[in-house]
Each structure stands twice: as structure tokens, then as C-alpha cells.
Amino acid sequence: MGNDGDRKIEPETGRVSVERKLPNFLQSIRLKYVKLGYHYLISNAMYLLLIPLLAISSVHLSTLTTQDLTLLWDQLKFNLVSVLVCSTLTVFLCTLYFMTRPRKIYLVDFACYKPKPDVMCSKEMFMEKSRQTGIFTAENLEFQKKILERSGLGQKTYFPEALMRVPAEPNMAEARKEAELVMFGAIDDLLAKTGVKAKDIGILVVNCSLFNPTPSLSAMVVNHYKLRGNILSYNLGGMGCSAGLISIDLAKQLLQVQPNSLALVVSMENITLNWYFGNNRSMLVSNCIFRMGGAAILLSNKPSDKRRSKYQLIHTVRTHRGADDKSYTCVFQEEDDTKQVGVALSKDLMAVAGEALKTNITTLGPLVLPMSEQLLFFVTLVARKVFKMKRIKPYIPDFKLAFEHFCIHAGGRAVLDELEKNLELSEWHMEPSRMTLYRYGNTSSSSLWYELAYTEAKGRIRKGDRTWQIAFGSGFKCNSAVWRALKRVDPAKEKNPWMDEVHDFPVDVPRVATIS
């Protein structure tokens, strides 16, 4: 999902004005979503309660003398039934605990695809290719130019080879070629980094929103790498830019019931068959900001993989607002008046995104925030909602106390600006998202992994650091994943798409980058 806000062309000046409608998080927050977050917290309360009980028991046992133990033994000798019942109950409870406790999920490593330089597309080249199609009106070419100038994209994003040709060749064969380049490129790098054999992978999840051929993309991966016949294979389509974290969550659920397994997650988008050849302005924005890219992620639930893994998955939180009509239709693939297929972005997009984000972080808060932040938030919320004390300003928790790093989907400059303001994040926190948008454009569901790769390339990941990935997309959905670093990531030992140029970043991205 990507948008830079609602744009209006001023007829007198020809300038594009941007209406940002992401709701201010300082406004009212619905109590039911807070309750849901606290429900997640309470569902794990047993583990929190056991710790102090075990501590008290340990202290008590440490005070027992030899005489106390002898007396206890004498009493038990004459009460065999009680001993058997207690022993059986202890064994049963221990077995139940070890059988039902959730398995830990580890991120062994991940890889992002970096296309070859011959498909690099500057903004001037993009505009030239658009003119050469002979389809867009002069007014809409100017509209695309103004969108591109304010998009936050740089001069080195990548475009599919089929769309770089004159005339463009958007067909099924070229779309398959793009999918193979992106998926196999990322997977090859991942297998090389981890040393894992393809036959060892037991779970495969592939997500691509707009290109869903038959056989599926997941079948394409199975065929190319000759994966084993009993692999659990899933192909997610039509789920937008947040589908990458949906794939992670699906793999997590599968790993809970498949012991000693490896899961491969592949996130990408396909542009070849989804470039819009029409003049509906609500569909032209996607042309300007979406670019080619993809990522492959290897997850494991094997305890032996902890030592070599980079991160542990701590939480996933999914929010779906599809029951609301505005949310459902705000990103909608349809035909225009001339029967050209495109993805229309409605004027309600920013408002819908804001509501979804607010819902998601309100649910996530109780899981990750320090107790001090939770208490302040809860007290002010109750004062405003229950006691109607409207003079008290809503307390927005400081998520910087919960996370060291933020990977926010690089869907568009306006969304990044509003999130930076509402969550009170610094330029340093926003740097991975802004530099990913600048260097690679909106690569849809894979953008989060380019952002994490940037953070690693900068040498910022330390053992114990927590990273928050948050993405949003059509439906309308907002999803979060929380990772904890298991070790320091040494950039000198890393191989990712930023390593050969990370010293050039960050760069200053002007509000308007004029296209010559």
C-alpha cells in the first residue's frame, strides 16, 4: 500500500497540494482495543505468576534443615497414597507445561534481492518511458511528474525490463520472468548465507498481491528448487503491502505444530502486468511509487538453531478493518472507463490507514510497553472515558522505550511524515524507512526487510535490541511484528543490498526534487 496523501491540482498554479488525513493519535482511542491488548497480556499471566511462586518456594526450601527433612520423610512413609498423588500430579503438570508452551521461533537469516544496474530507472527515464507509450494525456503526464517530484524516491530505483522497452511488453511470460528473477535471486542469496539445503525446508509461504498465475508462485519455487513432496506450501494473493507480516504470522502458527522444522517465507510484488495504462488519476499514483524488489526469510523452531540465528520472533499483531466499507474499498483493483485495469486509491485512504494503525498499536502496547507507560496510559484513558474528565490530555505512550529500531513500511512519504510526528520518532529512527523509499522505492511487502537490512548494514543491531516492523495494505489491514536480536550483527560479515553503498547514506531528501 502506498500513498502520499490526497492530492489536488491547483488550476491556477498547476501545483499539487497534499491533504494529510492521518488521524492524530492524541485523539480518542477505543477502549475495546485496549482490552484486547490486555487480554493478550493476561493470557500469559500464568507464566508471570509462576515466577514469584517459584522464588518464594526456593527461599522457603533453602531454610529447611536436615532434621526437617528427616521429619518430613518419616511422615511420608506412612502416607503412600498422598505421595503417589502428589508425584503423579507433579509429573502431569510438568508434562502439560512442556507440551503446551509455545515453541520459540527464530529468524535464522534473510536476504533482499538487488536487481542488476541495467534495469535501474531514474525519474527522468520513468517520465520518458511514460511519454513514449503515447497513452497518457499531457495533463496526466504533468500530474505524474508532480507526484514523482514529491514522492521521496531517488534516481536509482528498479523497474522490470519488459516495461523499460519501447513499446512496453506487459505479458504473462515477462511477468513470470520478473517473478523468477526476484524470488530465485533472493532465495539463492539466502541459501548461500545460511548453508541450508533446499530439501531441509518443510514449510513454504509466498506472498504476492497482484500476480497470481497457475501454477502458483509457491509451486514455481517448489519446482525450481525441487523441494520435498510433503512440504507445507501456501500462496497468499491480494493481501496488499502488509502481506509480508501475514506470511510471517502464518509461518509462526505452522511452526507451532510442526516440530524441528524450517520455514521459508518469500515476499514480493510483480509490476510487469500491473502497470496502469490509463488516465484515471486515482490509479496513476501506484505507477509513480511502486518498484521492483523482494525478500526471502528463513525461520526455524529448532532449539539448536538459536545459536546461529539473528533474531527471535516475540509478537505478531494483526488488525483487519475489512468489515468497514470505506476501509474495504479504499485500495481497490478495478477497471476504469476504458476497461484498463488498475488499483484505485480513494480519498479516504489516509484516514483509514490512521485508524488501522491506531487500532494496531493500541493492541500491541500492553504487550511491549514498560509497566510505567502502561499505567500512565491506562489511568488517563479511564479518566477520560469513564469519569469524562475531558480536560486531561490523552497520554500517548513512548514506544521508543519499547523498541530500539523501527521498520515502517515505506509506502509513501506522507505516511512516514505523519507516523514520525504522531509517534514522536527522531530522524534517526525514521532513517531506514526513508532511505529505503529513496533508494528502492515502494517494494510493497518486502520493504520492511530492506529497512532491516539497512539497519544491519549501519551496524546498529546489538544483542537484545528490539525491532518493530509495521506494515499496512489493502483490505484494510495493519500488521506488526516484534523481533529481539539474539546477537550483535557485524556489518563486516554481512552480505546485503546496502553493503557496497551504505557509506553514501543517509542522504538529504528534498521536499520537492525537480525533474528536468
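Contact is taken here to mean heavy atoms within 4.5 Å. The structure is a predicted model, in which local features need pLDDT of at least 70, side-chain atom pairs count only at pLDDT 80 or more, and totals for chains, interfaces and linings use all residues. Residues are numbered from 1 along each chain as its sequence is written, and side-chain values use heavy atoms, with hydrogens and water left out.

Leaving aside neighbours within four places in sequence, Ala162 is in contact with Ala168, Glu169, Glu174 and Thr272. Ala162 and Thr272 are separated by 110 residues in sequence, yet their C-alpha atoms lie 6.6 Å apart in space. Ala162 belongs to helix H7 (residues 161-164); helices (H or I, at least four residues) and strands (E, at least two) are DSSP runs, numbered from the N terminus. With a relative accessible area of 2%, Ala162 is buried. The classes of accessibility are buried for under 20% relative accessible area, exposed for over 50%, and partly exposed in between (1.4 Å probe, protein chains only).

Ser218 is located in helix H9 (residues 217-225). The side chain of Ser218 forms a polar contact with that of Ser216, at 2.9 Å. A polar contact is a pair of N or O atoms within 3.5 Å; within protein, one must be able to donate a hydrogen and the other to accept it, and residues adjacent in sequence count only if both atoms are side-chain atoms. When residues up to four places away in sequence are not counted, Ser218 touches Leu204, Val206, Ser233, Tyr234 and Asn235.

Pro215 is situated in the loop between strand S6 (203-207) and H9, and the peptide bond from Thr214 to Pro215 is cis, with omega near -5°. Lys226 lies in the loop between H9 and strand S7 (232-236). Phi of Lys226 is near 55°, a positive value in a residue other than glycine. Lys226 counts as partly exposed because its relative accessibility is 49%.

Further backbone features occur elsewhere in the chain. Lys388, although not a glycine, has a positive phi of about 55°, and is placed in the loop between helix H14 (371-385) and strand S13 (405-408). At 56% relative accessibility, Lys388 counts as exposed. The peptide bond from Gly475 to Phe476 is cis, with omega near 10°; Phe476 is found in the loop between strand S14 (466-473) and strand S15 (477-485).
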